[in-house]
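The exercises below are meant to be worked through with the sequence and the structure open side by side. Try each task before reading its solution.

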Amino acid sequence: MADATGSEMKLGSFMSEKSAKIFVAGHMGLVGSAIVRKLEDQGFTNLVLRTHSELDLTSQSDVESFFATEKPVYVILAAAKVGGIHANNTYPADFIGVNLQIQTNVIHSAYKHGVKKLLFLGSSCIYPKFAPQPIPESALLTGPLEPTNEWYAIAKIAGIKMCQAYRIQHQWDAISGMPTNLYGQNDNFHPENSHVLPALMRRFHEAKANNADEVVVWGSGSPLREFLHVDDLADACVFLMDRYSGFEHVNVGNGVEVTIKELAELVKEVVGFKGKLVWDCTKPDGTPRKLMDSSKLASLGWTPKISIKDGLSQTYEWYLENVVQKKQ
Ligand SMILES: NC(=O)C1=CN([C@@H]2O[C@H](COP(=O)(O)OP(=O)(O)OC[C@H]3O[C@@H](n4cnc5c(N)ncnc54)[C@H](OP(=O)(O)O)[C@@H]3O)[C@@H](O)[C@H]2O)C=CC1
Ligand SMILES: C[C@H]1O[C@H](OP(=O)(O)OP(=O)(O)OC[C@H]2O[C@@H](n3cnc4c(=O)[nH]c(N)nc43)[C@H](O)[C@@H]2O)[C@@H](O)[C@@H](O)C1=O
């Protein structure tokens with residue numbers, strides 16, 4: 001069946017090609033590692049993986065030789081310069097520059113070397129700061145972006161558009177998924193540069209360990225965010241590789257939103273910190289609300305499985321075993 005852009009949709013073939021060579025870019029990160037776990041669970045046997053030091057995806061010539069030599073059949077692009085509100089606001093040149101380089105190199109070389117299908121990952125920050133809630137895919141490019149992450153958002157929007165342009169001009173099967181805020185094992189727990197959930201998990205854990213009375217949380221606590229466990233996201237990525245071949249990007253969320261204050265209380269409970277929260281209103285709130293409308297993905301037949309409570313407990317266990325114990 002041909003879609004509106006003339007490209008051929010061959011749905012259902014990905015899951016039947018368990019020995020096809022799949023390049024998961026960014027496999028050491030939160031998302032890439034979850035995708036590798038999911039693919040291995042599903043019986044895929046031919047993953048091609050490179051660490052950042054083995055292959056710098058900002059190098060056009062290195063990416064080109066990698067594709068020429070390895071000739072992967074499928075590509076999932078989960079490598080990017082990623083960070084929370086502070087990192088995005090502090091390193092705008094890196095967030096726009098590195099991301100444009102990585103995605104341009106990978107998308108172009110993948111097309112050139114005959115990759116059958118590529119999944120590009122963006123983020124919910126591509127939407128206007130005051131988009132209608134829940135945010136439908138059609139809200140893209142309908143208003144100004146949130147200033148704290150507009151550089152990253154512009155790069156991600158360019159990635160979506162690049163996939164669409166290659167689909168139109170070359171009938172090439174490049175699709176885009178837009179995940180909401182993610183968390184889980186292998187997250188970045190840096191005190192300043194990470195996202196809110198791992199930042200708070202670490203801060204509450206350290207406060208508990210040091211018998212501190214209070215923990216500082218950034219902003220007013222009123223912004224609303226939707227948190228999806230990365231194993232649900234990985235499941236959705238495999239689902240999209242198999243079941244989706246359209247022009248438009250697809251939102252990936254679970255429809256559950258919490259305020260940052262509610263999130264802080266949940267993390268505090270999971271960690272077992274007994275002190276109080278202090279709000280640092282000199283730090284930015286960012287977008288006031290960012291709930292994805294994921295009805296398009298739901299209509300294709302995908303549903304999330306992991307609740308925030310279970311996901312938080314699992315992530316804290318992982319943090320204790322893999323970050324805290326390894327430091328001791
Ligand atoms: N985390 C989240 O909440 C969300 C993430 N996403 C998207 O998911 C994708 C993955 O994000 P996430 O897993 O969280 O990020 P991580 O930072 O955890 O992982 C990114 C991976 O990419 C690698 N990488 C970065 N630069 C390069 C490079 N130049 N060459 C090779 N590898 C590189 C990193 O390696 P190294 O660490 O060694 O640099 C790391 O392994 C991104 O596209 C992001 O936009 C979307 C929505 C929310
Ligand atoms: C996934 C998404 O992630 C980023 O956008 P964000 O949703 O604003 O992400 P965040 O997790 O950093 O913050 C969420 C909220 O939480 C508050 N907050 C409290 N205390 C801490 C704290 O300690 N650290 C952080 N980072 N935030 C904190 C913070 O002030 C804000 O109100 C992007 O830049 C964007 O690139 C992107 O795609």
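The model used in these exercises is a predicted one.

**Exercise 1. Describe the surroundings of ligand 1, beginning with the residues closest to ligand 1 and ending with the classes of residue in the shell.**

Solution. Begin with the neighbours: 25 residues surround ligand 1, and the closest are Leu30, Val31, His52, Tyr152 and Lys156.

Next, look for polar contacts, for which a pair of N or O atoms must lie within 3.5 Å. An oxygen atom of ligand 1 lies 2.8 Å from a backbone N or O atom of Val31, and a backbone N or O atom of Leu182 is 2.9 Å from an oxygen atom of ligand 1. The side chain of Asp56 places an N or O atom 2.9 Å from a nitrogen atom of ligand 1.

Then turn to the area: ligand 1 exposes 890 Å² when taken alone, of which the protein buries 82%. The elements that give two or more residues to this shell are α1, α5 (150-170) and β6 (181-183).

Finally, sort the shell around ligand 1 by class, which gives 14 nonpolar, nine polar and two charged residues.

**Exercise 2. Repeat the analysis for ligand 2, and find which element gives the largest share of the shell.**

Solution. The shell around ligand 2 holds 22 residues, and the closest are Ile85, Ser123, Arg203, Pro284 and Asp285.

Going through the contacts, one finds a polar side-chain atom of His195 at 3.2 Å from an oxygen atom of ligand 2, and a polar backbone atom of Val196 at 2.8 Å from an oxygen atom of the ligand. In the side chain of Arg225, an N or O atom is 2.7 Å from an oxygen atom of ligand 2.

On its own, ligand 2 has 700 Å² of accessible area, and the protein covers 97% of that area. Two or more residues of the shell come from each of α3 (85-90), α6 (196-209) and β7 (214-218), and the largest share, three residues, belongs to α6.

By class, the residues around ligand 2 divide into ten nonpolar, eight polar and four charged.

**Exercise 3. Work out how helices α1 and α7 pack, and which residues make the contact.**

Solution. First take the geometry: helix α1 (residues 30-41) and helix α7 (residues 230-243) pack at an angle of about 60°, and their axes are 8 Å apart. The crossing of these two helices is right-handed.

Now list the residues in contact, which on the α1 side include Leu30, Val31, Ala34 and Ile35, and on the α7 side include Val230, Leu233, Ala234 and Val238. By class, the contact has ten nonpolar, no polar and four charged residues. Note that Leu30 and Val31 belong to this contact and are also among the residues closest to ligand 1.

Conventions: Residues are numbered from 1 along each chain as its sequence is written. Chains are lettered from A and ligands numbered from 1 in the order in which they are written. This is a predicted model: local features need pLDDT of at least 70, side-chain atom pairs count only at pLDDT 80 or more; totals for chains, interfaces and linings use all residues. Side-chain values use heavy atoms; hydrogens and water are left out. A residue is near a molecule or strand if one of its heavy atoms lies within 4 Å of it. A polar contact is a pair of N or O atoms within 3.5 Å; within protein, one must be able to donate a hydrogen and the other to accept it, and residues adjacent in sequence count only if both atoms are side-chain atoms. Accessible areas come from the Shrake-Rupley method with a 1.4 Å probe; for residues, only the protein chains shown count as cover. Helices (H or I, at least four residues) and strands (E, at least two) are DSSP runs, numbered from the N terminus. Ala, Val, Leu, Ile, Met, Phe, Trp, Tyr, Cys and Pro count as nonpolar, Asp, Glu, Lys and Arg as charged, and the others, Gly among them, as polar. Axes are lines fitted to C-alpha atoms, for helices over the stretch in contact, and angles run from 0 to 180 degrees between N-to-C directions. A crossing is left-handed if the near helix is turned anticlockwise from the far one by less than a right angle, and right-handed if clockwise. Contact means heavy atoms within 4.5 Å.
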